[in-house]
Amino acid sequence: MKQGLFTIKCNRQVADKVYLMRLQGDASAFTRAGQFADIALEGRFLRRPFAATEWDDEGFSLLYKVVGEGTDQMKDLREGTVLDVLTGLGNGFDPSICRKSALIVCGGLGASPAFSLARQLVANGKKVSVILGFNCASEAVLAGEYESLGAEVTVATMDGSMGIRGLVTDAIDATGPEFDCFYTCGPKVMMKAVCEKLQVPGQASLEERMGCGCGICYGCTCRTAKGPRRVCADGPVFDKEDIIW
């Protein structure tokens, strides 16, 4: 974990209520896809946690959806605004569990933390299939970006306005992708269904309301086969067999 000051270089809407923010600063604390940042906002007691979509030597990007007062405040932040940010929080996905081919299954903004994972897997010569699930086409994000990496992308929407009509599990059945492991991130009910359906090694990125974001307050503790674990510090990524849904 590293604390630093980051300057907003971009903060623009990319889908219905979804915004992309690019922050310039020292992002060297990020070492694995699935890690997150904790952002301090003026007038807010608690920081806001967001997964890093991607990072480089100049900073990192994140996606967020306007769902409450904090994210509503964020959407109005202008280019040049300086933010106090904790980076490199949590434990991310483990790309080593993939032998030859991986399936990445995401729902909504769960597409964000898995993006850098897909990039790394493709760079390592692995075949990557991606299933992205959304309620409707207006909420879809990152489909084109995943395709640009070289991944095979399928989109599923509940209303059928884009891609396959139905759930991500319907899209898996419809496309029959090849994979020896999977990674998933999104709504808990979706991840539970995916973990129960797929009989290969897999990892899921959990989400809980967080207080400190760095393992001190134990406010985001979840039940696992290995006992209580903190989503912010021991996770957010856990092996599927360890998760007690």
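Visitor: Is Cys 232 buried or exposed?
Guide: The model is predicted: local features need pLDDT of at least 70, side-chain atom pairs count only at pLDDT 80 or more, and totals for chains, interfaces and linings use all residues. Residues are numbered from 1 along each chain as its sequence is written, and side-chain values use heavy atoms, leaving out hydrogens and water. Buried means under 20% relative accessible area, exposed over 50%, and partly exposed in between, with a 1.4 Å probe and protein chains only. Cys 232 comes in at 2% relative accessibility, so the label is buried.

Visitor: OK, how many disulfides does the structure hold?
Guide: A pair of cysteine sulfur atoms has to lie within 2.5 Å to count as a disulfide. For this structure, the number of disulfides is 0.

Visitor: Which cysteine has the sulfur nearest to Cys 232?
Guide: Cys 232 is in no disulfide. The nearest cysteine sulfur is 3.6 Å away and belongs to Cys 220.

Visitor: Which residue of strand 7 is the bridge partner of Phe 6?
Guide: Strand 1 (residues 2–15) and strand 7 (residues 82–89) run antiparallel, joined by 6 bridges. In strand 7, Phe 6 is bridged to Leu 83.

Visitor: Which element gives the largest share of the lining of the largest pocket?
Guide: On a 1 Å grid over the protein atoms alone, a pocket is an open set of points where a 1.4 Å probe fits, with protein on both sides within 12 Å along at least five of seven lines; lining residues have an atom within 4 Å of a point. The lining of the largest pocket has 46 residues, with Lys 65, Val 67, Leu 109, Gly 110 and Glu 207 nearest its centre. Elements giving two or more residues to it include helix 1 (69–74) and strand 9 (127–134). The largest share, 4 residues, comes from strand 4.

Notes:
Pairing = 2+ DSSP bridges.
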